[in-house]
Amino acid sequence: MVKLRLKRCGRKQRAVYRIVAIDVRSRREGKDLRKVGFYDPMKNQTYLNVPVILDFLEKGAQPTGTVQNLLKKAEVFKELPSNQTKFN
């Protein structure tokens, strides 16, 4: 199963996160399938590659709680077909 989750990057005490599509069994910094976004909590900046994220969600990828909140703020779920709105 594939999940959309955060992957920690950056320095000590200065975390920056990549939003990645990754296998469930991989560890947090493990090999990802694809980088689909970026999140900086200090500056409160988010970059999302929406077409790729929608493609993964349509194929059955599950976002984690934090990633789901980021996607809701960016209104990504509104672009999904009506039969796949189980994340709202």
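**Entry 1: helix α1.** I looked up what the buried residues of α1 pack against, and found β1 (2-11), β2 (14-23), β3 (34-40), β4 (45-48), β5 (62-63) and α2. Contact here means heavy atoms within 4.5 Å. Helices (H or I, at least four residues) and strands (E, at least two) are DSSP runs, numbered from the N terminus. The model is predicted: local features need pLDDT of at least 70, side-chain atom pairs count only at pLDDT 80 or more, and totals for chains, interfaces and linings use all residues. Residues are numbered from 1 along each chain as its sequence is written, and side-chain values use heavy atoms, with hydrogens and water left out.

I then listed the buried residues of α1 (residues 50-58): Val-52, Ile-53, Leu-54, Phe-56 and Leu-57. Buried means under 20% relative accessible area, exposed over 50%, and partly exposed in between (1.4 Å probe, protein chains only). Just after α1, I noted Gly-60 with a positive phi of about 110°.

**Entry 2: the sheet.** I traced 5 strands in an open sheet, with mixed pairing and the order β4-β3-β2-β1-β5. The edge strands are β4 and β5, each of which pairs on one side only. Two strands pair if DSSP finds at least two bridges between them. I checked β1 and β5, which pair in the parallel sense over 2 bridges. For Lys-3, I found the bridge partner Gln-62 in β5.

I looked at both helices against the sheet. α1 packs on the sheet and touches β1, β2, β3, β4 and β5, its direction making about 120° with that of β3. α2 also packs on the sheet, touching β1, β2, β3, β4 and β5, and its direction makes about 90° with that of β1. Axes are lines fitted to C-alpha atoms, for helices over the stretch in contact, and angles run from 0 to 180 degrees between N-to-C directions.

**Entry 3: Val-76.** I located Val-76 in the segment after α2 (65-73). Is Val-76 buried or exposed? I put Val-76 down as buried because its relative accessibility is 1%. Not counting residues up to four places away in sequence, Val-76 touches Leu-48, Val-50, Ile-53, Leu-54 and Leu-71. The C-alpha atoms of Val-76 and Ile-53 are separated by 8.5 Å, and the two residues are 23 residues apart along the chain.

**Entry 4: positive phi.** Most residues other than glycine have a negative phi. I found Gln-13, not a glycine, with a positive phi of about 65°. Gln-13 sits in the loop between β1 and β2 and counts as exposed because its relative accessibility is 69%. I also found Glu-75, with a positive phi near 60°, in the segment after α2. At 44% relative accessibility, Glu-75 counts as partly exposed.
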